[in-house]
Amino acid sequence: MVRWILIGVLSLALIGTGFWGYREHQEKNAILTQAENTYQRSFHELTYHMDLLHDQIGTALAMNSTERLSPQFVEIWRLTSEALSNVGQLPLGLLPFNKTEEFLSNIGDFTYKTAVRNLENSPLTDEESETLKQLYSQSGDIKDELRQVQHIALENNLRWMDVQLALANPDEQVDNTIIDGFKTVEKSVEGFNEGNSQSSVIGTSSNDHKYKYLNGDKISEQDALEKSKEIFNVENEENLTIAESGEGSDVPMYSVSYHNDEKRAYMDISQQGGHPLNILVSRDIANNQISLNEGAEKAQDYLESFDLDSMSLFQSSEYNNVGVYSFLYNENDVRVYSDAVEVKVALDNGDVLGLSTNNYYMNHSDRDIPEPDISEEEAKEMVNPNVDIQEEFLAVIDNDLGEEVLVYEFLGVLDNDTFRIFINAMNGQEEKVEKLDGTEINFASNF
Amino acid sequence: MTYRRVSFLLMIICLSLIGLQSETSTKTVHAFSDQVIQHGAVGDDVIELQSRLQYVGFYNGKIDGVFGWGTYWALRNFQYEFGMEIDGLAGQATKDKLVKASDYDEGYVKGKINQGQDFTHYGGGDRTDNQSAPQADTPTDTGGSVSAANVPQGYSQNDIQLMANAVYGEARGEPYEGQVAVAAVILNRIESPTFPNTASGVIFEPRAFTAVADGQIWLTPNETAREAVLDAINGWDPSSNALYYFNPDTATSGWIWTRPQIKKIGKHIFCK
């Protein structure tokens, strides 16, 4: 009897211990994941901040007016401190990473000194411009190296926890791509010595003007269904589902989705007037049969079928046999950045795969676009003389205060980079300078 | 005996035919396909365009097969110098002019690119010096020559990859529009003042995404998740400016139910 009780108690204790051990193990794993996530976050933020830093220094090179330059330096200064704190959070204690940190604080010092100085009275000297140029190319190298490390890390699912272990046991042969990568980054900074020492405008707008231009009568659910059959090019209603939007929606709409064996389609259509706000079709896409240019014509025709005329092509890009086009509303040769529309065309057969008019309907209204007060020539003089201006437009953009302003838009080249520069057409103020990229080394193709 | 002789003869004929073939393919004057090449295009025609522009001294960037800004300005300057209409489009007239003004050795250029060499000077003089060696092993695989990729303004392929990881971990069983919507929520959060300003900041914010907390984010994402992220970055937002979403079957927090709801896509409810 006593024996059985003893066995019972002991086995209970055993189960209890097992359960406790399992809980401990689970907790440990959760905490490990948590720590790993913090490392991952710092690392990815570091690469992003370096990328941004590079762009911002480049933009500063293309700037002219001191009113823009000072805030730009403050921005760079802020980014260096963010990047520095990212570096500080990485488990690199055993790796000499001080050159990179030094480089970052050098940029910080330089930009801080220039930002607090009155640039109106003592503008940048030639040596300072030269330093800035050097910092620009150096930050470019570091950025590329870090992006390369990031690519490898993402490709192979590398864990920072493993890096820490690898750093702690130098004898053990482990895959230490991250460490090697960071050593290369560190090397590329060594060249620098003291002696020499985002936001996109398209489609963004302040939220004042909400869907003023959704004209037309309210449509019923049945109307929306009919319309989507037409747009999706389907006969029967069997595979169509429709739902009304909830109270959180900015504008009342119906969402329709459709699927058959080959494709899925989805559309948001406004209740007011029945305008499509979002169309997305997904299907397998074969190899290119038509060019990006032919696709642009299809996209333009498609827009016209929805009475969206006076849209002019702004940008086009080809991704994996799909052409993505963005159009801007064009009023008497003035392009309005906030009224943007995107279209996606499959380049295998020219079918339209998507339309996004949300920005257009949210921002579009009847505007009173004034005549510019200053001439194009006068505006050109406001641009940094080192920038070689290649193209010019008139445009309406939202400035930093969220007001719509008429600007001269200049596309220019400085060294090998292209910049978009906006000069206020009323008072000649430099409203925005943007460095344009859009192409990147394909890291995956180097292996 | 005769049989052997015949087969020997056949072999010789075959070999010489192969030889001839490779002879002709490297010697033919290559010319563009008949498409109009414009900004944003990718592929062999762009490689040819860049090489020819470099040959005549207008383009000094990398020959990478992506029609970016550098190529655009080179083309416009070419059109300007040759008195043509300056539109930055490589149409038939422009291509004819270019073909007349320049030489293009496809095998040489692609060989160089595939070897991963940086070369930025493709032109008469300095090319002939080191031309002989790489010509011998011209790669036949032309698709792999494009060494760059289009990315949306302000994003790196790695940012897209990281977001694709998050979308795949969070919504891989969802319909396509549901995946685009999840990607759009990440972007809306980056824009919003109450959330971090970077993609990694938003994704790794503690307790923000369950896929991050339980490690599902490190599953390898499929092509669909990547496409969804690209669509979201390029402007599609099926979530209609949502900042939150949740799965009503598994949501543990009562607070989420108090948010004004926008719509339901697949299993997820999107809200403000």
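Two strands are taken to pair if DSSP finds at least two bridges between them, and helices (H or I, at least four residues) and strands (E, at least two) are DSSP runs numbered from the N terminus. The model is predicted, so local features need pLDDT of at least 70 and side-chain atom pairs count only at pLDDT 80 or more, while totals for chains, interfaces and linings use all residues. Residues are numbered from 1 along each chain as its sequence is written, with chains lettered from A and ligands numbered from 1 in the order in which they are written.

Ten bridges link β9(A) (residues 388-398) with β10(A) (residues 404-414) in an antiparallel arrangement, and D388(A) has V413(A) of β10(A) as its bridge partner. The two strands make a hairpin with five residues between them, and G402(A) in the turn shows a positive phi of about 80°. β9(A) also pairs with β7(A) (residues 334-346), here parallel and over three bridges; V334(A) lies opposite L394(A) of β9(A).

Chain B contains twelve helices and four strands. Of its 272 residues, 44% are buried (20 or more other C-beta atoms within 10 Å of the residue's own, with C-beta atoms placed from the backbone). Helix α12(B) (residues 223-233) is largely enclosed by the rest of the structure, because nine of its eleven residues are buried; among them are R226(B), E227(B) and D231(B). These buried residues pack against β4, β5 and β8 of chain A, as well as α8 and α9 of chain B. After α12(B) comes G235(B), with a positive phi near 120°.

Methods
Buried ≥ 20, exposed ≤ 12 C-beta atoms within 10 Å, placed from the backbone. Contact = placed C-beta atoms within 7 Å.
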